[in-house]
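User: I have a model open and would like to talk through some of its features. Could we begin with the loops and then turn to the helices?

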Amino acid sequence: MKRVAWMTFLLLALTAPAMAQSPEDLANDISNKVISPFCPGVTLHDCPSPSALDMRDRIEGYARQGMDEAAIMERLEAEYGPSIRAEPSSEGAGILVWILPSVAVLTGGVLAWWLVRRWSSRRPPQTTTSPQATVELSASERQRLDAELGRLRKES
Amino acid sequence: MSPVRSLAGLGRPSLLVALLFSLIAIVAFIAAGRSGRRDLSEAGKRALYATFGFTALATISLITALLAHDFSLSYVANYTSRSLSVPYTISALWGGMEGSLLFWTTLLTGFSALAIARAPARSSRLVGGAGAVLMGIAGFFLFMVAFPGNPFAQVAGDVPIDGNGLNPLLQSPGMIIHPPLLYTGFVGFSIPFAFAIGALFTKRLDDSWFTATRQWTLFAWTALSVGIVLGGAWAYTELGWGGYWAWDPVENASFMPWLTATAFLHSVVIQEKRRMLKVWNVTLIVLTYAFAVFGTFLTRSGLLSSIHTFSEGPIGKYFLPFLALLLIGGLGMVAYRLDALRSENQLDALISRESAFIANNVLFVAAAFTVLLGTIYPIIAEVFSGIRLSVGPPFYNAIFTPIGLAIIGLTGIGPLISWRRMSKGTFWRMIRVPLAAGGLTVLILGLGGLSSPGALLSFALCVFTATAIVGEFMRGSRVYRRRDNVGAFTALNRTIARNRRRYGGYIVHLGVLLIVIGFAGNAFKVERRADMAPGDTLDIAAYTLTYEGARAATTPEKEITEAQIAVGRGDDDLGTIRPQRNLHLAQGQWQSEVAIRTNPIEDLYVVVTGFDTDGSAVIRTFVNPLTWWIWAGAAVMLAGMLVIMSGRAPVIATAAQRAPAKKQPAVAG
C-alpha cells in the first residue's frame, strides 16, 4: 500500500500540467505575499483600503508587462523596504525565524525520544505504595467506587 | 431620555473597595495556605466574595452609564452613541480598552468565587494557596481598572451631546459573543493556573489540583476554541477579504494559549492514568496562562500593529512586569518543587499511547513556540539588526502545514495504540485498515484530478484518522450489540455514555478533521475582481454574476448602498445576492457588508469595495471550496466537548494500575 501511495504521488508530480498563471492570478498570489503599507500587519490581499486596491492594480499591471513574481517582489522591496515581504527572507536577519521552529521540533523530538527510551528501558519501581502514590478516597468517592464495581460485576 | 439612570458614581468607589477586599483575601488565603486553618480559609473566601460583589457592582454601574448615554464618562462618549442599538450599547462594555479590562476583572473574580466555593472543603491549604494566587491576579487587574485604566474617567471640558459610536466593524452579532468567549477562555485558565501554583506553594502535589480544576480547564478550552472560531467567522463575514484567519498578532495571541492548553488536556491524561509528567503538566499550565496574559498585553500595549488592538494606552507598561512575575514565579516554583514532582512510574514500552501523547505534546508546544516566534520576531529583528521585517501568513502556512499534518496523523495513531505497551504485530493489525483507507483516498482523488500534494496529503490523513476513530466507535459498539442484543444506535449511545471522556474526545477529533478538510479547500480558492457597469457579467468558477444596478437607503446610523447581483450557474438561476457598501454616519467610516451563498461544496462570496458616480461598482468575488466544513467541524467539536464535560471526574490511578504492566488487550482505552 505504501508503494502504491508513493507511485501515485510520483505519477501526479510528473503528469501535473504546468499551469500558466493569468496576470490577475499572479497579482492575487503576490498580494498574499506582501504586507500592505496601508493596513497594519495585514497582507495586501486582505487590506480593504482603496490605496491597497490601487497597489494590487499596479502589481497586475507589472504582471501584464511580463514581469514574473521574483521581479515584481524585488521591485516592491526596492520601493518599500524588506518589511513589504510577508515571508521574511531566509538570509540575513530573517534566517533565524526559519531555523528556530525546526530546531524546536527536532530538539523536542530528540528529547522526547531520549526520555521515552530512558523511561521505557528502566526496571519498573519495586514499590508502588509510597505515601504520595496512595490515593485517599473520601466516603462519597469510596461509595461511588463500590457501586461502580458492583455494577461491573453484575454486568459481567 | 433613556429610561435607565446612570449609576456611574458608584463605579470607581466600588473598584477601590473591591481592591481593598482583594488585599484582605490575599492575606487570609496566604495564612490559610501556611497554617491549614479552616477559619482563615473561610475568611479569605468571604473577602473573595466581597471582591466579586463590588467588582460586579462597578460593571453594573458602567452598563447603566452606557445605557443611559451618560456622556460625562469619556468611555461612554468614545464608544457609544445615541443611535446605537441596545445590544451593541451593552457590547461596548468590551469594545474599548478600559471597559474590556473591567469585564475581564469581573469574570476573574466571578470565576474565582465559583472555583473556590466548589473546591473540596478538606483541602484548606490548597484552597488557601489557590485563593491567594487568584486574588493576587485580581488585585493586579483591580489596580489597573481603578487607576491607569479607569473606565469611569470624566470627559475633559463640556459633556458632548452625542458620542463617537462603536466601531462599525464591531457592530456585528459575532462581536457580541466572540470577545466574551475569548475572555472567558483566557480568564478560565487562571483557575487551573492558580490551583497549580497553590499546590506548589503549599506542597499539596497530589492530583487534587487538577481534579479540582478539570472542569474549569475543559470549560476554558471550549470557550477559547469557540471564541477563536467565532472570531474567524466574524473576519469572514465582516472584513470582506474572503478569508477567516490572517495570522494577525492578536489572532496569534489567542492561538498560543489554545495550543499549550490542548497539549495540557492530552498530557494531563497521562498524569491521571500513570502519574507521570507532573513537572511537564504544571509547566504547561503556567505557559498557558502566561500566553493568555501575553495576549491581553499585546492588544493593549501598542507594541504590535493589528486591526484587533485597542489604541495605545498607558497600561501596556504595567503588563510586562506582571507577565514576568507570572512566568518567573510560576516556573521558579516548579523548579523549587522539582523533587516532589517526580514521576511515580516509568514508561513500559516505546509503542504505547503515552509515547503518542508525548509526541503530540512536542508538536503542540513547538507550534506554540513558532507562533510566539513569528509574532515577536519583527521586534527582535529590528532591535538587534535595525532591519524592519514582517512575518506574515506565508511563513506560518509553511511551518504549520507539516506540524498540523503530523498532529492529524498522531490523532489517528493515538486511539489505535493501547496504554503501556503494544506489540508491533498488534499495532500493524490495528493500523492497516486506516492506512489502506488513507492510501485509497490518495488514489481516488489523484486519479480524479487532484494534483495539489498538500491537499492530497491532508485529505488522506483526515480519512486515515477518521477511519481509526470510527473503528474505535465500532469496536466499542460491537461489545454492546453482542452483549445486550440492541440496535446499532443504542449500542453507540451506550458506548459513548460508558466513557464520555474518551468518546467525547474522539468526537472533538472528528470535528478537527472536518475543520482541516475546510482548510484544505483553501488550496482551490478562486478570486476575481471587476469594475462592473449595470448589465455587465463576471464569470468565476462555474458561476456567472450579472450586476443589475444599485439601490440606496438611509437609516439613523448609516447610508446604505446595495448592489443587486443575479447569480447563475449554467442554465440555473440561483437568485439575487445583495452585498452592501455603507457609510456609518457617526464615525464617517465606510464598511462593506459581504453577501455569501454557502453550501457544503463551496461558498460564493461577493463584496463591493466601491461604487462610482456612474452607477458602476467594483466587485470582488471569491469561490471558497469546503469552507462550510470549518463551521460544521467547530459545531462537532463543541458537541464533543459537551459530551466530555457531561462525564464523571476521572478515577485517579489506583495501586493496581500503577503496578508493573501486564500484557494489555489490543483495544485498550
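User: Is B:Asn485 buried or exposed, and why?

Analyst: This is a predicted model. In it, B:Asn485 counts as exposed because it has 9 C-beta neighbours inside 10 Å, and a residue with 12 or fewer is classed that way.

User: Where is B:Asn485 placed in chain B?

Analyst: B:Asn485 sits in the loop that links helix 16 (453–484) to helix 17 (488–498) of chain B. Its phi is positive, about 55°, although the residue is not a glycine. Most residues other than glycine have a negative phi.

User: What about B:Leu626, buried or exposed?

Analyst: B:Leu626 is buried, since 22 other C-beta atoms lie within 10 Å and the threshold for buried is 20 or more. B:Leu626 also has a positive phi, near 65°. The loop that holds B:Leu626 runs between strand 10 (617–625) and helix 19 (628–645) of chain B.

User: Changing topic: which domains are assigned in chain B?

Analyst: The assignment gives domain 1 (1–166), domain 2 (172–339) and domain 3 (525–625). The centres of domain 2 and domain 3 of chain B, taken over C-alpha atoms, are 39 Å apart.

User: Which residues touch the most other members of the largest nonpolar core?

Analyst: B:Phe141 and B:Ala196 do, in a core of 212 residues. Helix 9 (residues 208–239) of chain B contributes the most to this core, with 17 residues. Domain 1 (1–166) and domain 2 (172–339) of chain B both give residues to this core, so it lies between them.

User: And what does B:Ala196 touch?

Analyst: Leaving aside residues up to four places away in sequence, B:Ala196 touches B:Trp209, B:Val282, B:Ile285 and B:Val286. Apart from this core lies another, of 17 residues, among them B:Ile565, B:Val594, B:Ala595 and B:Tyr605.

User: Now chain A, please. How many helices and strands does it have?

Analyst: Chain A has six helices and zero strands. Of its 156 residues, 23% count as buried. Among chain A contacts between residues at least 6 apart in sequence, 42% join residues at least 24 apart.

User: Which residues are buried in helix 5 of chain A?

Analyst: The buried residues are A:Val97, A:Pro101, A:Ala104 and A:Val105. The buried residues of this helix pack against helix 13 (353–385) and helix 14 (393–413) of chain B. As for its length, helix 5 (residues 95–121) of chain A has 27 residues and should span 39 Å at 1.5 Å a residue; its end C-alpha atoms are 39 Å apart, which agrees.

User: What does helix 14 of chain B pack against in turn?

Analyst: Its buried residues pack against helix 5 of chain A, together with helix 13, helix 15 (424–447), helix 16 and helix 18 (500–521) of chain B. The buried residues of helix 14 include B:Phe395, B:Tyr396, B:Ile399 and B:Ile407.

User: Where does the kink in helix 14 of chain B lie?

Analyst: The kink, of about 35°, lies at B:Phe400, shortly before the proline B:Pro402. From first C-alpha to last, the 21 residues of helix 14 of chain B reach 29 Å, close to the 30 Å expected at 1.5 Å a residue.

User: Finally, how many residues of helix 5 of chain B are buried?

Analyst: In helix 5 of chain B, 18 of the 22 residues are buried, so this helix is largely enclosed by the rest of the structure. Helix 5 (residues 97–118) of chain B should span 32 Å at 1.5 Å a residue, and its end C-alpha atoms are 31 Å apart, which agrees.

How values were computed:
Residues are numbered from 1 along each chain as its sequence is written. Chains are lettered from A and ligands numbered from 1 in the order in which they are written. This is a predicted model: local features need pLDDT of at least 70, side-chain atom pairs count only at pLDDT 80 or more; totals for chains, interfaces and linings use all residues. Helices (H or I, at least four residues) and strands (E, at least two) are DSSP runs, numbered from the N terminus. Domain bounds come from an automatic or database domain assignment. The expected span of a helix is 1.5 Å times one less than its number of residues. Two residues are in contact if their C-beta atoms, placed from the backbone, lie within 7 Å. A nonpolar core is a set of buried Ala, Val, Leu, Ile, Met, Phe, Trp, Tyr and Cys residues joined through C-beta atoms within 7 Å. The bend at a residue is the angle between axes fitted to the seven residues ending there and the seven starting there.
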